[in-house]
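Keep the 3D view open as you read.

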Amino acid sequence: MNPSFRRHATRFHPRRRGVIAVLLALMLIFVLGLAAFAIDTGYLYMNYAQLQTCADSGALAGGQSLMNDNMVKATPNYTTGQNAARAAAVQYAALNRAGTSFPTVDSNSSNDSNGDVVLGYMADPTNPSAQLDTSNPALYNAVRVRVQKSSSKNGLVPAFFSRVWGNQGEAVAARATAVVSGTVVGYKVTATSGNADLLPFAVKQDRWNQLIAGVGTDTYKYNSDGTVSSASDGILEVNMYPLANGSSGNFGTVDVGSPNNSTADLSRQIRYGVNATDLSYLGGALQLGPDGTIRLNGDTGVSAGIKDDLASVKGKPRSMMLYSTVTGNGNNAMYTVVGFVGVRIVDVKLTGNPKQVIVQPAVVFDNTALTSNTTPTASKYVYTNSRMAR
């Protein structure tokens with residue numbers, strides 16, 4: 001080998017090793033930086049996902065607590081349900097861990113639009129851009145919950161490796177809105193929904209409107225233990241029997257399902273609800289048409305044979321049909337149903353005279369309820385279970 005080449009090579013190698021060492025050091029810093037970024041970012045997103053679970057839980061619980069029987073009183077009280085919704089939202093949002101702690105949420109009793117818990121009205125929950133209207137508390141049907149980690153609330157999401165660059169943590173927030181819809185247009189039973197809590201009875205729309213307007217008695221009280229006693233509770237009642245419905249020989253019983261429903265079918269539906277087989281006769285669902293009506297056959301009427309069945313659901317929230325007109329008599333009666341209403345049976349007497357089935361308005365949540373923002377409906381006090389709108 002040429003001696004001159006050996007001298008140059010000897011001088012070159014130390015320099016080369018030094019350059020590689022510098023490059024390795026720079027690359028190591030770069031790789032460590034990427035690792036730090038990935039770890040800190042991953043932890044940030046994990047916290048966000050956990051905060052979202054907190055917000056979802058709070059919103060759903062708040063929505064389910066928003067409606068209660070205080071709103072059906074002769075003098076409606078919406079505040080009780082709204083306070084309950086805030087309390088439930090705060091409680092359930094805090095039951096889920098986010099990072100190393102359980103986040104707290106402010107109830108926002110003033111309903112400030114920038115608060116953690118905001119109540120309002122959503123006209124169309126299916127519209128992602130629909131705004132939450134807070135102007136009329138009597139219409140509230142939605143609960144929005146924000147859960148955050150910030151320097152002022154629950155602490156920042158801490159940084160780990162990126163502290164080297166002076167990053168002490170990041171702020172992150174999750175939001176969720178749940179809604180309970182009262183625009184009920186029918187019922188559909190699925191494999192997971194259970195039966196529809198729909199009684200096979202219809203009440204005259206005009207008479208119902210009078211009751212809501214304040215025409216009725218107040219002699220029965222529904223107690224928190226599920227019993228009914230003779231006392232006033234601020235919720236008016238109507239005696240359905242005898243209730244002039246324009247159809248002699250028919251008490252307002254309606255065939256929900258087979259047009260040949262028997263007393264046994266009525267008894268089953270009263271006790272256990274309307275099932276999928278019943279609805280199969282109606283195409284799989286009992287649903288108002290585009291004009292907001294559906295015509296259903298009347299049944300043979302009420303007999304003492306269903307007295308015990310009605311008594312078995314006394315005090316329990318159920319829904320009934322509202323009808324605008326009826327033609328024909330007895331089993332040939334034809335009802336024009338225009339909506340559904342939530343009720344509670346408070347007294348039953350079908351033997352001797354006078355006969356009576358007394359009901360009062362009640363809030364009903366039904367997992368089988370179908371809703372629409374386009375079909376007209378006269379439904380009142382019947383709601384879907386709380387569900388996510390966004």
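**Rings, pocket and strands**

Tyr383 is counted as buried because its relative accessibility is 9%, under the 20% cut-off. This is a predicted model.

Tyr383 also belongs to the largest pocket. Together with Met71, Ala138, Leu139 and Lys380, Tyr383 lies nearest the pocket's centre, among 37 lining residues. The space in this pocket is about 660 Å³. Its lining has 23 nonpolar residues, 12 polar and two charged. Helix H2 (79-93), helix H3 (205-212) and strand E18 (382-383) each give at least two residues to that lining.

Now the rings. There are four aromatic pairs in the structure. One of them joins Trp208 and Tyr381: the centres are 6.4 Å apart and the planes meet at 65 degrees, so the pair is edge-to-face. Trp208 sits in helix H3, and Tyr381 in the loop between strand E17 (369-371) and E18, so this contact ties together parts 173 residues apart in sequence. Both Trp208 and Tyr381 are buried.

Phe365 and Tyr383 make a tilted pair, with 6.1 Å between centres and 40 degrees between planes. Phe365 is in strand E16 (residues 364-365) and Tyr383 in strand E18, 18 residues apart. Phe365 counts as partly exposed because its relative accessibility is 24%.

A charge meets a ring elsewhere. The charged end of Arg344 sits over the ring of Tyr222, 3.7 Å from the ring centre.

Finally, the strands. In a regular strand, side chains alternate between the sheet's two faces. In strand E1 (residues 117-120), Val117 and Leu119 point one way, Val118 and Gly120 the other, and all are buried. E1 runs antiparallel to strand E2 (residues 142-149), joined by four bridges. Leu119 stands opposite Val143 in E2.

Methods. Residues numbered from 1 in each chain as written. Predicted model: local features only at pLDDT ≥ 70, side-chain atom pairs only at ≥ 80, totals over all residues. Heavy atoms only, no water. Buried < 20%, exposed > 50% of the residue type's maximum accessible area, 1.4 Å probe, protein only. Pairing = 2+ DSSP bridges. 1 Å grid on protein atoms, 1.4 Å probe; cavity = no way out; pocket = protein on both sides within 12 Å on 5 of 7 lines; lining within 4 Å. Points joined across faces, edges and corners; volume = space filled by probe spheres on them. Nonpolar A, V, L, I, M, F, W, Y, C, P; charged D, E, K, R; others polar. Phe/Tyr/Trp six-rings, centres within 6.5 Å; stacked < 30°, edge-to-face > 60°. Lys NZ or Arg CZ within 6 Å of the ring centre and 35° of its normal.
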